[in-house]
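Here are my notes on this one, point by point. Have the model open while you read.

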Amino acid sequence: LRNFLAIVSGNVQLLESGTVSQPERKKAFEATKTTLKDSVAIMDKLKDYVKLKSVEGISQSLDVNSLVTNAVSSLRYVFEGADSRAVKIDTHLGDCKRIKVDPTEVHGALVNILINAGYALKGEGDITISTSMEKDFVVTKISDTGPGIPEEIREKLCRPFTNTGGTGIGLFWSSFVVSRWGGTMGIEGAPGRGTTVLIRFPCER
């Protein structure tokens, strides 16, 4: 949830700065509203998950590139602020088939992964997001140029309360969301080589 609050805080700072155009202010305002709505939905689902209750998502036929674009848009001012450009986000979006997932859940999963990447960069570096096809799977690859994660920690990152600076819930939640919609999530990298998160969703049939 700290990740979602970071988005809200970044957008509020932008709105208070008075240094951006009216269209940019409108985008920041809409991103804030979406983030607040998604955070409430995620809290409800996480609460139900902790209670081991069945939580039914709402699946929709979606374009993964739109999901990525919306997640990046939500985070623009969290990483860049009104003036700084220390953290750069590049996207390389391929021609992908559609996937069938819950848009709110997957948006939240992508946001969590991206903010974790931003934290790893400590205010300076690059995040690269690409989408592509691998046979019957749509692959989203999120890489950062941060310090990397030792193998003994990396293997535990998708378990609850494995903490690398946050609450220990973000990557666990993201992995849970991906798996519940038939996908897989893996984490690669090593100290000094950055970190890459690979998400694979089956194509809609």
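1. The sheet first: five strands make an open sheet with mixed pairing, ordered β2-β4-β5-β7-β6. Strands here are DSSP E runs of at least two residues, helices are H or I runs of at least four, and both are numbered from the N terminus. Two strands pair if DSSP finds at least two bridges between them. At the edges sit β2 (87–93) and β6 (184–189), each pairing on one side only. From one strand to the next, the twist averages 15°.

2. Before going on, the caveats: this is a predicted model, so to speak of local features takes pLDDT of at least 70 and side-chain atom pairs count only at pLDDT 80 or more, while totals for chains, interfaces and linings use all residues. Residues are numbered from 1 along each chain as its sequence is written, and side-chain values use heavy atoms, with hydrogens and water left out.

3. Inside the sheet, β5 (residues 137–144) runs antiparallel to β7 (residues 195–202), and eight bridges join the two. V139 faces R200 of β7 across this pairing.

4. Helix α6 (residues 170–180) lies across β6 and β7, at about 135° to β6. Angles run from 0 to 180 degrees between N-to-C directions, with axes fitted to C-alpha atoms, for helices over the stretch in contact (heavy atoms within 4.5 Å).

5. How many aromatic pairs does the structure hold? One. The ring centres of W173 and F176 are 5.4 Å apart with planes at 50°, so the pair counts as tilted. For Phe, Tyr and Trp (its six-membered ring), pairing needs centres within 6.5 Å; planes under 30 degrees apart are stacked, over 60 edge-to-face, the rest tilted. Both residues belong to α6, three residues or about one turn apart.
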